Amino acid sequence: MYTEKVMDHFTNPRNVGELKDASGIGEVGNAKCGDIMRIYLKVDDNDVITDVKFKTFGCGAAIATSSMVTEMVKGKKLAEALEISNQAVAEALGGLPPAKMHCSNLAADALHHAIKDYIDKKGK
Amino acid sequence: MKRIYFDHSATTPVDKEVAAAALEYMTEKFGNASSIHGFGREARKAVDEAREKVAALIGATANEIFFTSGGTEGDNLAIKGVAFANRKKGNHIITSAIEHHAVLHTCEYLEKHGFTVTYLPVDEYGMVRIEDVKNAITDKTILITIMMANNEVGTIQPVKEIGRLAREKGIYFHTDAVQAVGNYPIDVQEMNIDLLAMSGHKFHAPKGIGALYIRRGVRVEALQHGGGHERNLRAGTENVPGIVGLGKAAEIAKQEMAKKVTYLGKLRDRIISEVMAKIPHVKLNGHPVERLPGNANFSFLFIEGESLLLNLDLKGIAASSGSACTSGSLDPSHVLLAMGLTHEVAHGSLRITLGRGNTAEEVDYFLEVLPEIIDRLRAMSPLFGESANTVVNNPCSECHMH
């Protein structure tokens with residue numbers, strides 16, 4: 001039911017972990033639904049994402065989309081990162097089963113929350 | 001890579017002897033059991049013999065066995081059939097919150113047709129309390145339907161006591177015994193059972209065949225009309241190969257019962273004790289003692305069931321889970337929730353169901369790979385260990401499907 005790409009990211013997820021001195025942290029989902037995704041960003045003075053890590057509780061799709069979004073966003077400017085949608089993450093994985101498109105495809109939302117967290121912190 | 005099948009509550013491999021018996025009635029002895037000629041008579045004879053064997057497995061007599069397409073049909077025929085045939089006596093049905101959907105959705109259907117249904121709660125082990133059954137009975141109660149053994153957590157219900165209570169009150173008692181038949185000794189007389197549904201593919205017969213036991217004298221209305229098959233209760237040309245297969249599987253199950261119960265029970269106990277000892281933050285779901293010999297069900301905290309199943313599958317092990325992702329809905333298993341588990345804990349459930357083909361080596365291999373998988377998923381989980389306190393933004397507060 002999952003594409004090879006999904007299984008690759010599920011089996012060998014990229015950028016798993018936490019960033020102790022993260023510039024921004026974003027989290028979406030809840031344990032009741034069976035999905036929580038948390039993204040940690042490190043952003044430099046030029047608004048470039050220099051490092052990113054994730055931690056996810058959830059199904060195969062939740063883990064694969066989290067892994068994929070970290071790969072897509074590393075080295076990108078914040079403005080570019082904000083353009084990445086959940087749909088784009090799913091497409092980069094070669095698609096997700098229809099039932100997973102909305103319940104487990106929230107990694108870009110987590111990313112956007114992390115960026116917002118960074119901007120909010122910077123503004124203070 | 002070796003493949004290990006630990007999902008026998010989903011389905012079982014057809015026994016080779018069973019398959020051979022069924023095949024003969026497709027290619028050689030293909031007659032219609034209703035035909036007068038020799039072809040028909042040999043098919044009829046085989047159907048009659050199979051009926052005897054199925055009856056013998058549960059302590060019934062042959063004329064109390066009605067062949068169906070499987071467990072779901074048996075439950076439908078028992079519940080709707082009793083309800084429609086006895087509605088002048090009353091319109092109240094008692095069941096439990098942990099029944100299979102074949103029972104629950106049938107009861108919900110009847111609620112739309114003038115019946116009232118009481119869904120009894122269960123205790124933390126997934127067991128119905130006799131007191132609750134007693135208290136739910138009214139002068140309108142016509143049927144009590146409680147499963148013999150739960151398909152997810154394996155808890156064996158106090159069927160005999162419920163049956164006695166029903167008998168005393170003149171209420172019919174049906175039990176969905178799909179998981180129990182062939183895996184657990186059953187005697188419908190001793191257990192005070194009026195109706196019992198079974199499914200062939202849960203005990204090494206093919207899919208698409210099952211039977212309903214109806215004690216002599218119980219009034220049931222037919223749901224499917226046509227020819228006079230199954231004594232006017234279930235119209236449709238007999239599935240002779242399936243019936244022959246079911247008979248053979250019942251015969252084998254009866255012969256092997258004691259050995260199988262002991263063998264599976266030993267493997268299961270080893271899995272339960274090792275998993276509980278080796279892995280932290282784990283909960284055994286279901287009753288510690290009163291459970292199906294081949295069933296072990298755990299919740300591993302901080303991880304989600306589908307990713308656990310995928311990891312096991314990558315190691316060649318087939319199991320199942322009550323997580324939402326695997327239940328085909330957005331909620332985790334209704335059984336685990338009825339037992340008082342939170343959604344989070346229910347999402348992390350793993351069901352192992354053993355069969356007679358499983359070996360001690362397979363259990364060893366499972367016990368070897370499981371801890372690594374759990375560790376890996378927990379290392380990835382934001383719920384496990386120290387974690388930053390961030391505001392949770394939840395775009396799907398109700399977990400609804402878009």
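Mentor: What follows takes up the interface and then the sheets.

Mentor: This is a predicted model, in which local features need pLDDT of at least 70 and side-chain atom pairs count only at pLDDT 80 or more, while totals for chains, interfaces and linings use all residues. Residues are numbered from 1 along each chain as its sequence is written, chains are lettered from A and ligands numbered from 1 in the order in which they are written, and side-chain values use heavy atoms, with hydrogens and water left out.

Trainee: How many residues of chain B are in contact with chain A?

Mentor: Counting contact as heavy atoms within 4.5 Å, 34 residues of chain B touch 36 residues of chain A. The two chains bury about 2,900 Å² between them, 65% of it on carbon and sulfur atoms; buried area here is the accessible area (1.4 Å probe) that two parts lose on being put together, summed over both.

Trainee: And which residue forms a salt bridge with Glu306(B)?

Mentor: That is Lys100(A), with the closest N and O atoms 2.7 Å apart, and the rule, which asks for a side-chain nitrogen of Lys or Arg within 4 Å of a carboxyl oxygen of Asp or Glu, finds 1 salt bridge across this interface.

Trainee: Which helices of chain B supply at least two residues each to that side?

Mentor: They are H9 (305-314), H12 (343-347) and H13 (360-380) of chain B, and H9(B) gives the largest share, 5 residues. Helices (H or I, at least four residues) and strands (E, at least two) are DSSP runs, numbered from the N terminus.

Trainee: Changing topic, what is the strand order in the sheet of 7 strands in chain B?

Mentor: The order is S2-S8-S7-S6-S5-S3-S4 in an open sheet with mixed pairing, where two strands pair if DSSP finds at least two bridges between them. S2 (65-68) and S4 (116-120) of chain B stand at the edges with a single partner strand each, so one side of each has no neighbour in the sheet.

Trainee: What about the 3 strands in chain A?

Mentor: They form an open antiparallel sheet in the order S1-S2-S3, with S1 (24-30) and S3 (49-57) of chain A as the edge strands. S1(A) and S2(A) pair over 7 bridges, and Gly26(A) stands opposite Ile39(A) in S2(A).
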